[in-house]
Every structure is written in structure tokens, then in C-alpha cells.
Amino acid sequence: APCHLDGRWLPLNQAQVSVLDRGFLFGDGVYEVIPVYGGRLFRFDEHMARLAHSLDAVRIANPHSRDGWLTLLRELVARELAHSGQGDQLAYLQITRGVAPRSHPMPTGLTPTVFAMSQPHQPPGADQRREGVACVTARDFRWERGDIKTTSLLGGVMARQIAADHGAAETILLRDSGHGHGLTVTEGSSSNVWAVLDGALIGVPPSHHTLAGIRIELLRELCEEEGIACHLRPIAESELTIADEILISSAGREVLPVTRLDGEPVGHGALRGKPGPVYARLHAAYERAKLE
Ligand code: PLP
């Protein structure tokens with residue numbers, strides 16, 4: 001498969017970076033994952049805005065303009081399409097601070113390491129869409145800058161492994177809200193979390209504890225189109241157990257129904273443990289949005 005490293009195109013298995021790269025030594029870098037449908041980058045400008053936020057937060061100068069990124073990523077997608085024949089891809093890009101003798105403070109004057117690859121997108125399978133996925137809950141033990149999409153992902157890796165150890169698809173993280181309201185949902189290890197309560201889709205308000213998922217605004221728009229009420233407000237742990245539906249969203253998983261939580265079926269009545277109607281409508285709307 002083709003990839004891009006510091007201005008050069010080369011096969012992925014031949015791309016190499018220095019062991020003194022701060023991405024390797026410190027996880028000192030940021031990244032983006034952008035879905036590609038039919039060879040077209042999906043929500044490109046939104047991903048670029050979030051990349052700019054991450055870069056600003058860690059004080060790495062953006063190595064490319066918006067149009068520079070667009071040119072680079074379009075070429076990447078075209079090369080991957082020629083290689084795999086797949087027009088549906090997940091494009092990955094990362095920027096690390098660069099190569100320097102190991103020392104914590106941010107060195108100045110480094111050339112950032114720029115890497116990009118794209119892989120065929122394996123969207124959720126028909127079984128996951130029909131049955132939904134199982135999730136577990138856990139305390140959010142990650143740091144307090146979840147708004148930065150950083151390659152320092154050990155917290156996310158450890159959080160996800162809790163689900164993997166239980167044969168579940170995702171770990172839904174809970175943090176003390178600090179306002180005496182007990183635990184509230186932050187997000188999944190690599191997804192945003194939604195609950196359907198009283199017919200409305202509820203998402204978590206943006207904060208330093210969560211990544212501003214590109215699908216948050218997208219699902220809000222799709223709710224608007226569908227006439228589904230949608231609010232961002234804290235979701236209490238106890239609300240997960242009474243929710244009619246729980247959903248997760250991310251670039252790779254798009255939108256998926258959570259039908260088991262900590263071993264218990266989600267929802268009520270005939271829909272207990274089954275994907276619900278809000279999921280079904282949002283999934284259909286998502287599929288239409290891909291084609292726009
Ligand atoms: N939260 C975390 C921690 C993530 O890693 C991701 C990435 O997929 C998301 C949320 C969802 O964001 P997006 O919809 O932009 O993929």
C-alpha cells in the first residue's frame with residue numbers, strides 16, 4: 001500500500017522514522033482519521049478545523065495549508081484506489097513534533113514529521129447493524145485534554161482493552177462531573193456516545209474531557225433533517241440504564257447501536273436488546289449523507 005512520509009511517496013512497509021522522533025519517544029504528535037466514500041473525502045473541512053485545534057493546543061505549526069492537505073490527501077486516496085481498487089477508505093494522517101535529542105521541553109525549530117496512509121474502509125458488518133454491539137462501562141482514567149486528538153493513546157488503548165477482555169466492542173467512560181451529580185458519560189475509548197431518552201437523542205456537550213467528534217455535528221444535522229429532537233447535555237450513569245437506545249459514533253464505526261451494556265440488554269419492551277428506531281433512521285440518513 002502507498003503512503004506519504006515527509007514529502008515522499010513510498011510503500012507503507014518501507015516507510016521509516018528515526019527512533020529519536022518525538023512521536024516515538026513521547027507520543028508527541030497529533031492525528032486525524034478521515035472517512036473516504038466513493039473516492040471522496042467526507043467532511044474534510046471539519047477534520048481540518050479539528051486538526052488545527054489539536055496542532056495549536058500542542059504548539060506544532062501546521063505544516064500545510066488547507067489546500068495543501070487537500071492536494072496531499074487526494075493524491076493519497078487516488079494512489080490507494082489504484083492499489084486496492086477500494087473507493088471507500090479511512091485516510092490517516094499524523095504530525096509529530098519531529099526528531100531531537102530526548103528531553104521533555106518542546107524544542108524550537110524542529111521540522112515536524114508528516115505521515116499519511118489510507119486503508120480500505122471496513123464499515124460495520126450487517127450482523128453488527130442487525131444485532132448491535134455490546135459495551136462495558138469503566139471509570140475514565142485518561143488525562144484531562146481529551147479535546148486534543150493526540151497520538152499519545154495509551155489511555156485509550158487501556159480503556160478499549162477493558163471491553164476486549166469482556167468480548168465487548170467499546171468501553172463507555174464515566175467521569176465524576178464534579179458538581180455533585182455523580183458520574184456522567186464522557187465518551188467511548190475511540191467514539192462518542194449517545195443516549196435516546198424520551199424520544200430525543202442526547203449527546204455529551206464538548207469539553208476538555210472529550211474529543212469533538214466530527215460525527216457530533218453530523219448527527220445533529222441528520223436529526224434536524226429527520227425531525228428528531230437532539231440536545232447536548234450531560235448524560236448521567238443512571239440514564240444509561242433507563243435509555244431507550246444507546247448509540248456510538250466515530251469515523252470508522254459511523255453510527256452503531258449499543259444493545260448490551262455491562263451484560264444487560266439496552267432498551268425496553270419488544271426492543272429490549274435490539275437496535276431501535278432512532279438508530280435506524282440515523283443510519284439511513286448517514287448512508288444518504290455519504291452520497292452527497
Ligand atoms: N472520541 C475519541 C476518543 C476518538 O478517538 C474518536 C475517534 O474516532 C471519537 C471520539 C469520534 O470522533 P470522530 O467522529 O471524529 O471519528
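Strands S10 and S13 are joined by five bridges and pair in the antiparallel sense; strands here are DSSP runs of type E with at least two residues, helices are H or I runs of at least four residues, and both are numbered from the N terminus. Two strands count as paired if DSSP finds at least two bridges between them. The model is a predicted one, in which local features need pLDDT of at least 70 and side-chain atom pairs count only at pLDDT 80 or more, while totals for chains, interfaces and linings use all residues. Residue numbers start from 1 along each chain as its sequence is written.

A residue is buried if 20 or more other C-beta atoms, placed from the backbone, lie within 10 Å of its own, exposed if 12 or fewer do, and partly exposed in between.

**The ligand shell**

The ligand is surrounded by 13 residues, of which Gly213, Ile214, Arg215, Ser250 and Ala251 are the closest; a residue is near a molecule if its C-beta atom, placed from the backbone, lies within 6 Å of it. Helix H6 (214-226) and strand S13 (245-250) each supply at least two residues of this shell. By class, the shell holds four nonpolar, seven polar and two charged residues, where Ala, Val, Leu, Ile, Met, Phe, Trp, Tyr, Cys and Pro count as nonpolar, Asp, Glu, Lys and Arg as charged, and the others, Gly among them, as polar.

**The six-stranded sheet**

Six strands form an open sheet in the order S2-S1-S6-S5-S3-S4, with antiparallel pairing. Strand S2 (8-11) and strand S4 (40-41) stand at the edges with a single partner strand each, so one side of each has no neighbour in the sheet. Helix H2 (residues 44-58) packs on the sheet and touches S3, S4 and S5, and its direction makes about 175 degrees with that of S3; axes are lines fitted to C-alpha atoms, for helices over the stretch in contact, and angles run from 0 to 180 degrees between N-to-C directions.

| Strands | Bridges | Opposite residues |
|---|---|---|
| S3 (residues 29-37) and S5 | eight bridges | Val30 and Ile95 |
| S5 and S6 (residues 113-120) | eight bridges | Ala91 and Ser118 |

Strand S5 (residues 89-96) has six of its eight residues buried, so it is largely enclosed by the rest of the structure.

**Two domains**

The protein is divided into domain 1 (2-120) and domain 2 (126-291), with bounds that come from an automatic or database domain assignment. Their centres, taken over C-alpha atoms, are separated by 27 Å. The contact takes 21 residues from domain 1 and twelve residues from domain 2; residues are in contact if their C-beta atoms, placed from the backbone, lie within 7 Å. On the side of domain 1 that touches domain 2, S3, H2 and S5 each supply at least two residues, and S3 gives the largest share, eight residues. This side has ten nonpolar, seven polar and four charged residues.

Technical notes. Contact = placed C-beta atoms within 7 Å.
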